[in-house]
Amino acid sequence: MSTPPLKMRNIGPKSAAWLRQVGLRTPEDLAEAGPVDAFMRVKRAGFRPSLNLLYALEGALRDCHWQEVPGERRAELVEAAEAAIAELPPPRNRPAAAPVTTTVMQEDDPMPSPRLFDQPDD
């Protein structure tokens, strides 16, 4: 039996699916977690939410359109989310970003020309 989608303002099918996958299935679950924690759960699960999800979650809890969330509150949400993101461990199975290096081929050491078929040397 499948779980019915989370029905709240600003929460579309994709966002609802992300929230269900991180254990937030009801409006009460979302209210208990809060917008920043819900956003971080989605991010930690490996999805790539934009800040619009953060604003949408706040709007859903306020029962207003996400664009109606006041600018001061948006700034508070972004600050809290950035602080939480900074505490995340680096991604697994990927090295941390390193300086870019460039390899330059020397002209005096040309590569042998490729042959279409191996021909015996005479």
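View 1. Exposed means over 50% relative accessible area, buried means under 20%, and partly exposed lies in between (1.4 Å probe, protein chains only). The buried residues of α5 are L77, V78 and A81. Their directions cover an arc of only 100° around the axis, so these residues sit on the same side of α5. The arc is taken from the directions that run from the helix axis to the C-beta atoms. The buried residues of α5 pack against α3 and α4.

The model is predicted: local features need pLDDT of at least 70, side-chain atom pairs count only at pLDDT 80 or more, and totals for chains, interfaces and linings use all residues. Residues are numbered from 1 along each chain as its sequence is written, and side-chain values use heavy atoms, with hydrogens and water left out.

**View 2. The whole chain.** The protein has 5 helices and 0 strands. Its pattern along the sequence is α-α-α-α-α. Helices (H or I, at least four residues) and strands (E, at least two) are DSSP runs, numbered from the N terminus. Of the 122 residues, 27% count as buried. The accessible surface is about 9,500 Å². Carbon and sulfur atoms hold 52% of that surface. These areas come from the Shrake-Rupley method with a 1.4 Å probe; for residues, only the protein chains shown count as cover. Among contacts with a separation of 6 or more, 45% join residues 24 or more positions apart. A contact means heavy atoms within 4.5 Å.

**View 3. The length of α5.** Helix α5 has 16 residues. At 1.5 Å a residue, these should span 22 Å. The expected span is 1.5 Å times one less than the number of residues. The end C-alpha atoms of α5 are 22 Å apart, which agrees.

**View 4. The largest nonpolar core.** This core has 20 residues. I11, L19, F39 and L57 have the most contacts inside it. Each of α1 (13-21), α2 (27-33), α3, α4 and α5 supplies at least two of its residues. The largest share, 5 residues, comes from α3. A nonpolar core is a set of buried Ala, Val, Leu, Ile, Met, Phe, Trp, Tyr and Cys residues joined through side-chain atoms within 4.5 Å. Beyond four places in sequence, F39 touches P49, S50, L51, L53, L54, L57, A81 and I85.

View 5. D37 and R41 form a salt bridge, with their closest N and O atoms 3.1 Å apart. A salt bridge puts a side-chain nitrogen of Lys or Arg within 4 Å of a carboxyl oxygen of Asp or Glu. The two residues are 4 apart in α3 (residues 35-44), so about one helical turn separates them. D37 is partly exposed at 29%. R41 is partly exposed, also at 29%.

**View 6. A salt-bridge network.** E58, R62, R73 and E76 are linked in a network of salt bridges. In the bridge of E58 with R62, the closest N and O atoms are 2.6 Å apart. These two are 4 residues apart in α4 (residues 51-62), about one helical turn. E58 is buried at 6%, whereas R62 is partly exposed at 43%. E76 bridges to R73, with the closest N and O atoms 3.1 Å apart. E76 and R73 are 3 residues apart in α5 (residues 71-86), again about one helical turn. E76 is partly exposed at 47%, and R73 is partly exposed at 25%. The whole structure has 4 salt bridges.
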